[in-house]
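Good morning, and thank you for coming.

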Amino acid sequence: MIIQLQPTIQTQDKQMIVEKITSLGYKTMEVTTQRGSYLIGIGKKEFDVRQVGHMRGIADIHRVSDEYKLVSGKWKVEPTVIDLGDGVTVGGGNLSIMAGPCSIENEQQVDLTINHLKENGVRIMRGGVYKPRSSPYAFRGLGIDGLKMWHERAQAAGIKIISEVMQVSQIETMYPYVDVFQVGARNTQNYNLLDELGKVDKPVLIKRGISGTIEELLSSAEYVFSAGNEKLILCERGIRTYEKASRNTMDINAIPILKSKTHLPVVADPSHAIGIREYVESIALASVMAGADGIIYETHQKPEEAFSDGQQTLDFNESARMVRKLKKAFELLAAES
Ligand code: PEP
Ligand code: MN
């Protein structure tokens, strides 16, 4: 059960609601986010909502039987729109494109990428400065100095930044320099990290875990929301299966399923999903057709020289062509609905 509280609710009134819910056999948890205050009722007992709904201080009351509650689409009909400022939004009927290298490498690469994005009307740049790598000997990112250098250039160009945060101690140092925190597939169930991102007033994109279920992804998002941060984006990036012909297996099913289960925006990452440059475009287009709110993918001026993930990275010509096709596909879909 989710009880939306009125912003002006008095402490005694809240206490009375908690007592009432407890007497009905529910455990309660209070959640306050940037957008509202809620009481979450955890329990299964049947009761007549009218017993509670009339109480002072309640704006609305909803039954949500899913394990995850606040991220469920059952109580919030309107899709969540994430506002990054300067007219850049994610969700709510637009196609968001986020593109950039796997790793931030140097000033020249950042400048070339920013120019490429601007030429193609892409407003959000991705890139890692803390890189989770399978081998400890691989390039692990430029760290905070790289992020500062990137931020200075991106801000001057009106480009927003999404970058991966790998541990709690990085949140504070990264905070002034990112527009969206990315939680990578290896950290989807790092609950300490999720809790801490719940205390931050900046959007968080959560990738699906390498072997994670759709429900586990939603539960991870619930961690962040229930800790106070409603500004969430979910990302399907392929899962590990027995198939070896591609890096991961793109779970295209997850896109419409997530869209029906949650009010949060859902984006797709075709680069990590298939891991093979020449097929990235097909998977990106399929994701748009399946209803994704956005695409996040890797591009580099010389993919064969990229410090990481070059095999799945588009060059700027391929990237420009894909952006054109994605926009056309999205327009086609929007015209039909
Ligand atoms: C990335 O976006 O570069 C990345 C490491 O992705 P994932 O966490 O999906 O593997
Ligand atoms: Mn990568």
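I shall speak about the ligand site and then about the pockets.

This is a predicted model, in which local features need pLDDT of at least 70 and side-chain atom pairs count only at pLDDT 80 or more, while totals for chains, interfaces and linings use all residues. Residues are numbered from 1 along each chain as its sequence is written, chains are lettered from A and ligands numbered from 1 in the order in which they are written, and side-chain values use heavy atoms, with hydrogens and water left out.

Let us turn to individual atoms. An oxygen atom of ligand 1 lies 2.7 Å from a polar side-chain atom of Arg 126. For Lys 207, the distance from a polar side-chain atom to a ligand oxygen is 2.9 Å. A side-chain N or O atom of Arg 186 is also 2.9 Å from an oxygen of the ligand. Of the 300 Å² of accessible area that ligand 1 has on its own, the protein covers 98% (Shrake-Rupley method, 1.4 Å probe).

Finally, the largest pocket has a volume of about 420 Å³. A pocket here is an open set of points, on a 1 Å grid over the protein atoms alone, where a 1.4 Å probe fits, with protein on both sides within 12 Å along at least five of seven lines; its volume is the space filled by probe spheres set on the points.

Note on methods. Polar contact = N/O pair within 3.5 Å; in protein donor to acceptor, adjacent residues only side chain to side chain. 1 Å grid on protein atoms, 1.4 Å probe; cavity = no way out; pocket = protein on both sides within 12 Å on 5 of 7 lines; lining within 4 Å.
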